[in-house]
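Thanks for coming, everyone. I would like to take a few minutes to walk through one model with you, going from a sheet to a core and then on to the contacts.

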There are 2 protein chains.
Amino acid sequence: MAAELSAIANAVQASATLSLKAEIGRIEKTYGVKVIDMTAGQPDIGPTPDVIEALVQGGKLYKYGPVPGEAGLRPLLAETVKKETGASFTSDQIIMTVGAKGGIDSVMRAILDPGDAVAILAPYWVTYPEVVAISGGKPVSVDPTPDLRPDIARIETAVRENPTKAILYSSPSNPTGVVYTREELDGIAAIARKFDVWLVADEIYREFAFDGKTAPSLFSADDLYEKAVLVDGPSKRFGIPGWRLGFVAGRLDLVKAIGRIQGHAANASRPIQAAVEVAYGSAQARQATARMVSRYQQNRDLVVEGLNSLEGIKCPTPAGAFYCFPDVSGLYGRTYEFDGSTNKIENSTDFRNFLLRKANVATVEGGPFGRDTHMRISLAISREDCAAALENIKKAVSELVS
Amino acid sequence: MAAELSAIANAVQASATLSLKAEIGRIEKTYGVKVIDMTAGQPDIGPTPDVIEALVQGGKLYKYGPVPGEAGLRPLLAETVKKETGASFTSDQIIMTVGAKGGIDSVMRAILDPGDAVAILAPYWVTYPEVVAISGGKPVSVDPTPDLRPDIARIETAVRENPTKAILYSSPSNPTGVVYTREELDGIAAIARKFDVWLVADEIYREFAFDGKTAPSLFSADDLYEKAVLVDGPSKRFGIPGWRLGFVAGRLDLVKAIGRIQGHAANASRPIQAAVEVAYGSAQARQATARMVSRYQQNRDLVVEGLNSLEGIKCPTPAGAFYCFPDVSGLYGRTYEFDGSTNKIENSTDFRNFLLRKANVATVEGGPFGRDTHMRISLAISREDCAAALENIKKAVSELVS
C-alpha cells in the first residue's frame with residue numbers, strides 16, 4: 001500500500017479564521033488601510049503581573065509531573081467549580097488539558113468509537129465538528145429555534161435518530177452570546193439521561209455574563225447528571241489563550257481514561273499550571289476579569305444598537321461571552337464595486353469580504369459556525385475601535401446597491 | 001446505546017512507571033528505607049538560569065499564536081537540525097508539538113487509518129504501542145538481533161506481511177542505549193522506500209552519545225527518504241520534560257496536516273516556546289548538556305562494570321541515551337525471602353520487585369519495553385547513588401537462593 005495521509009487528516013479543515021488573517025494582511029498592504037479586527041476569539045487584555053511573574057517559580061518544575069496535573073492546582077479548581085456552580089467534583093475528577101480545546105479533544109478520544117455520533121447544538125464553535133471528526137466520530141448539527149436557542153425537540157430527535165454517544169454545546173455560546181436558561185439546561189440533561197449519552201458542556205465563557213447576571217451552569221442542577229462533563233479553563237477569564245491550558249471535570253472513569261490517553265499523547269505544561277494556580281487565587285486577577293466583562297458589556301450596547309439601526313441587519317442582544325451574531329441576510333443580493341469589478345453578496349463569506357474591503361472591518365462569516373446568514377463580531381476590542389468600526393460599516397452598507 | 005468509554009480508552013495502558021512510583025513510596029514508608037531511584041526517563045539537572053528567566057518575557061505572549069509554532073523558533077530549529085544532521089528542512093516543514101510524545105501522537109493521527117499497522121522496532125519505548133493504538137492503528141513489534149540491534153530482514157518481513165503505514169524506532173535507543181549505525185539506518189530507510197511507508201525516527205536522545213562519538217542520524221543520509229519524519233525536542237538535552245515541548249520535521253503535506261489536526265486539538269504553549277528558543281541559542285545551555293553527557297558516561301562505565309561482575313547478569317555497554325539494559329534472566333528461577341514469605345523470580349516484574357525490596361533500588365522491568373528478560377536502569381543520577389545502588393544490588397544478588 002502507498003502510505004500517504006489518513007482519511008481524517010485529509011478531511012480536517014483548517015480553522016476558518018486562519019485564511020482570514022492572510023486576507024486581512026493583503027488588504028492592509030495593498031490598499032494602505034488599517035483594518036479594525038473584530039475576529040478575535042480572545043480578550044484584548046493579558047494576565048495580571050503576579051500571574052506572569054509566577055512563571056519563573058513554575059519554571060523550576062522542569063521534571064516530569066503528574067499527567068493529570070499539579071497537586072496544588074486540581075483541588076483549587078475543584079473548589080473554584082464548587083464556588084461557581086455548586087457541583088462537588090473531587091480533585092481526582094479533574095484533569096488538566098492542553099487548552100479547553102485539548103480538553104474536548106481528549107474527551108472525544110475517550111468516548112468515541114468509529115462512527116459514533118455527537119449531537120452538536122448549532123450555532124456552534126467552528127472546532128466542534130472537526131474535533132469530533134478527528135476522533136473518528138460523526139458530527140450531527142442540531143438546528144436551534146429561530147432565535148438561536150437550543151431546540152429541545154430537535155435535540156431529542158437528533159439523539160434518537162443517530163448512534164449518539166454525546167451531546168456537545170457551549171453556554172454562554174460562542175458564537176451567539178446566547179446564555180442557556182436553567183430550564184433549557186435541564187431539558188438537555190433530561191434528553192442525555194433518557195438516551196444514556198455523555199453531555200459535554202463547554203463553559204469556558206461562564207464568567208462572561210452581562211447585566212449583573214450569573215450564567216446558569218449545567219453543573220448547578222439539583223440532580224446533576226452523572227455523565228455531564230465540564231470543559232473549562234483560564235484562557236478567556238485571565239486572557240491567556242496562548243498559554244494553552246484547560247481542564248475537564250467529570251465521572252471518575254472518564255477522567256482516568258483521559259489520563260491514560262494523555263499519558264501517551266499531550267499533557268499540560270508544568271510552569272503554565274503553576275502560574276495559573278496563582279491566577280485562580282489572585283484577587284487582582286479576579287478584579288481584572290470583572291472590569292473586562294463590564295467593558296465588553298458597554299461595547300455590546302454600542303455595537304448592537306449601531307447594527308440594529310441599519311436596514312437589513314438584525315442583531316439580537318447577547319447575554320454573555322463576547323460576541324454578537326447579527327443576521328445580515330437582509331442584505332444578500334446587493335452589490336458593491338471593488339477593484340474595478342462588481343461583487344454580489346450571496347452568503348456570509350461574501351459579506352465578510354464586503355466588510356473587509358469596503359468598511360476595513362474584519363469579522364468572521366457565520367457559515368463555519370453553522371449559520372450562513374449570520375456574522376460573528378467580537379466585542380473584545382477597545383470602545384474607540386467599536387465606534388470607528390460602526391461608522392465604517394454604516395457608510396459601507398449605505399453604499400450597497402440593491 | 002449506552003454510552004460508556006471508547007474501546008481505545010478501555011484498552012490503553014497506563015505508563016509502566018506509574019504503578020511503580022506508588023510501590024516505591026509504599027516500600028520507603030513501610031520499611032523506613034531510602035530507595036535509590038534508577039527509573040528516571042529524564043536528566044537529573046534542570047535548565048540553565050537564562051532559560052528559566054526567559055519564561056517571563058515569554059509570558060507576554062498570552063494571545064493565540066500560530067498553531068505550527070513561534071515565528072522565531074521554527075527557523076532556529078531548522079538551523080539546529082541542519083547543523084546536527086545536515087538535513088535541510090524549511091521552517092514550514094517544522095511544527096512544534098506538546099512534547100516529543102505529543103509529536104509522535106500527532107504524526108500517528110495524521111497518517112493512520114483504522115487498522116493500519118506500524119512496525120515498531122523492539123526493544124521500544126513503552127509509549128510506542130499505545131500511541132499507535134490510540135490512533136486506531138495496530139502496533140507490530142519487530143524482534144531485534146540477539147544483541148538488541150535492528151534486524152533488517154525481520155523488519156522487511158513485518159512490513160511486507162502487515163498493512164503497514166509506518167516504521168517507528170528511537171536511536172539512541174530508549175531503553176537499550178544502542179545507537180544505530182549508518183548502515184543500519186540506511187537499511188531501514190531502504191525498506192521504508194521499497195514499501196512506500198513513513199519512517200518515523202525518534203531522535204530525542206541524539207545529543208546523548210558517549211565516547212566522543214556522534215550518534216548517526218537518519219537525516220544525515222546522502223539521499224534522504226522523503227517520508228522520513230523526525231521527532232525531536234528540548235526535553236532531554238536541556239532537562240525540561242515537565243515543560244512539554246517537542247517538534248516534528250517532515251514532508252510539507254504531513255506537517256501541514258499535523259497543523260490542521262493540532263488546530264482543533266492540542267498545540268504548544270507560547271511562553272514555553274519563547275524560553276526554549278533561548279535554550280537552543282544559549283552557549284551556557286549547550287555546555288550544560290555536554291557536561292551532563294560526560295557525567296552519564298562515567299556513570300555508565302561504573303554501572304556496566306559493576307553489573308557484569310555479577311554472575312547471572314549480562315550488561316552490554318550502551319553507546320548513547322542514558323540507560324543500561326542488562327539481561328537478568330540468568331537469575332530467573334532463584335528465590336528470596338521477604339515479609340516472611342518466599343518469592344521466586346520468574347520474569348522482569350519479579351526481578352524489579354526483588355531489586356526494590358532487597359536492594360532498595362528502583363528500576364523498570366523490561367516487559368513493557370518488549371524484553372521480559374531485561375531491566376531498564378537509568379544512569380541519570382549522581383555517581384554516589386550509582387555506587388551505592390551497585391553495592392546494594394551486589395549484596396542482594398549474592399543472597400539469592402538457587
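Before I describe the sheet, let me say that two strands count as paired here if DSSP finds at least two bridges between them. Please also keep in mind that what you are looking at is a predicted model.

With that in hand, look at chain A, where seven strands form an open sheet in the order β2-β8-β7-β6-β5-β3-β4, with mixed pairing. The edges are β2, residues 94–97, and β4, residues 138–142, each of which pairs on one side only. From one strand to the next the twist averages 20°. Packed on this sheet is helix α9 of chain A, residues 252–262, which touches β2, β7 and β8 of that chain and whose direction makes about 35° with that of β2(A).

Within the sheet, β5 of chain A, residues 164–170, runs parallel to β6 of chain A, residues 198–202, and the two pair over five bridges; in this pairing, A:Ser170 stands opposite A:Asp202 of β6(A).

Now to the core, and to a question: which of the 262 residues in the largest nonpolar core touch the most other members? They are A:Ile167 and B:Ile167. Leaving aside residues up to four places away in sequence, A:Ile167 touches A:Ala119, A:Ile155, A:Val159, A:Ile188, A:Ala192, A:Val197, A:Leu199 and A:Val200. As general background, nonpolar side chains in soluble globular proteins tend to be buried together.

Turning to chain B, the axes of helix α4, residues 73–85, and helix α10, residues 270–280, come within 10 Å and cross at roughly 35°, and the crossing is left-handed. On the α4(B) side the contact is made by B:Leu73, B:Leu76, B:Leu77 and B:Thr80, and on the α10(B) side by B:Gln273, B:Val276, B:Glu277 and B:Tyr280; by class, these are five nonpolar, two polar and one charged.

Also in chain B, strands β10, residues 335–338, and β11, residues 341–344, pair in the antiparallel sense over four bridges, with B:Lys344 as the bridge partner of B:Thr335. Two residues lie between the strands of this hairpin, in which B:Asp339 takes a positive phi near 55°.

Finally, the contact between the chains takes 67 residues from chain B and 67 residues from chain A. On the chain B side, the largest share, seven residues, comes from α5(B), and that side as a whole has 37 nonpolar, 16 polar and 14 charged residues.

Note on methods. Residues numbered from 1 in each chain as written. Chains lettered and ligands numbered in written order. Predicted model: local features only at pLDDT ≥ 70, side-chain atom pairs only at ≥ 80, totals over all residues. Core = buried A, V, L, I, M, F, W, Y, C linked by C-beta atoms within 7 Å. Buried ≥ 20, exposed ≤ 12 C-beta atoms within 10 Å, placed from the backbone. Contact = placed C-beta atoms within 7 Å. Axes fitted to C-alpha atoms, helices over the stretch in contact; angles between N-to-C directions. Left-handed = near helix turned anticlockwise from the far one by under 90°. Nonpolar A, V, L, I, M, F, W, Y, C, P; charged D, E, K, R; others polar.
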